[in-house]
Amino acid sequence: MVEGEEQEPQAKSYRRLPSGDVLIDLHGLPVEVSKIAVQVAIEDLVLGPPGVPAADQLGALIIVTGVGNNSPGNVPLIRPAVTSFLREELSLKVLDNRDGPGRLRIPASELRKLRGVPRPKR
């Protein structure tokens, strides 16, 4: 960072990617903690980082769940639990991410609905 240059405050619950999307990595977390981590990241995105007004432009939320290689019997536990939580508890559309099978994607349009922000005009 260049001296005198201000950096945008960022929530600690996710990492902003150069594309504008945000990423949360759940590797190594227990199932219940994973669901809480996702909920906190979504709340941070919807409300915006502390001290910064929520922006109208949101990227997608990418959730890295892994494919279950470290789970007993190599059966995924986090992915189905998080998918169910997002769809049933938060009524969000959850998509497979185009970057691989161990990732989920919540489109920006779904996050805007939670925030109550209309679709951006082009």
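## Pairing strands

Two strands count as a pair if DSSP finds at least two bridges between them. Keep that in mind as you look at this predicted model, where Ile24 stands opposite Ile63 in strand E3. Four bridges join strand E2, residues 22-25, to E3, residues 61-64, and these two strands run parallel.

## The sheet and its helix

Now step back to the whole sheet. It is an open one made of five strands, in the order E1-E2-E3-E5-E4, with mixed pairing. At the edges you'll find E1 (15-16) and E4 (95-96), each of which pairs on one side only.

Helix H1, residues 31-47, packs on this sheet and touches E1, E2, E3 and E5 (103-106). The direction of H1 makes about 160 degrees with that of E2.

## The nonpolar core

As a general rule, nonpolar side chains in soluble globular proteins tend to be buried together. Here, the largest nonpolar core has 23 residues. Which of them touch the most other members? They are Leu26, Ile42, Leu61, Ile63, Val82, Leu86 and Ile106.

The largest share, six residues, comes from H1.

Leaving aside neighbours within four places in sequence, Val82 is in contact with Leu26, Ser34, Lys35, Val38, Ile63 and Leu104.

## A look at helix H2

H2 has 12 residues, so at 1.5 Å a residue it should span 16 Å. Its end C-alpha atoms are 16 Å apart, which agrees. Just after H2, Ser91 takes a positive phi of about 55 degrees.

What about the buried side of things? The buried residues of H2 are Ile78, Arg79, Ala81, Val82, Thr83, Phe85 and Leu86. They pack against H1, E3, E4 and E5.

Arg79 sits in H2. Is Arg79 buried or exposed? Its relative accessible area is 19%, and buried means under 20%, so Arg79 is buried.

The side chain of Arg79 also makes a polar contact of 2.2 Å with the side chain of Asp96. Setting aside neighbours within four places in sequence, Arg79 is in contact with Thr65, Asp96, Pro101, Gly102, Arg103 and Leu104. Leu104 turns up in the contacts of Val82 too.

How values were computed
Residues are numbered from 1 along each chain as its sequence is written. This is a predicted model: local features need pLDDT of at least 70, side-chain atom pairs count only at pLDDT 80 or more; totals for chains, interfaces and linings use all residues. Side-chain values use heavy atoms; hydrogens and water are left out. Contact means heavy atoms within 4.5 Å. Axes are lines fitted to C-alpha atoms, for helices over the stretch in contact, and angles run from 0 to 180 degrees between N-to-C directions. A nonpolar core is a set of buried Ala, Val, Leu, Ile, Met, Phe, Trp, Tyr and Cys residues joined through side-chain atoms within 4.5 Å. Buried means under 20% relative accessible area, exposed over 50%, partly exposed in between (1.4 Å probe, protein chains only). The expected span of a helix is 1.5 Å times one less than its number of residues. A polar contact is a pair of N or O atoms within 3.5 Å; within protein, one must be able to donate a hydrogen and the other to accept it, and residues adjacent in sequence count only if both atoms are side-chain atoms.
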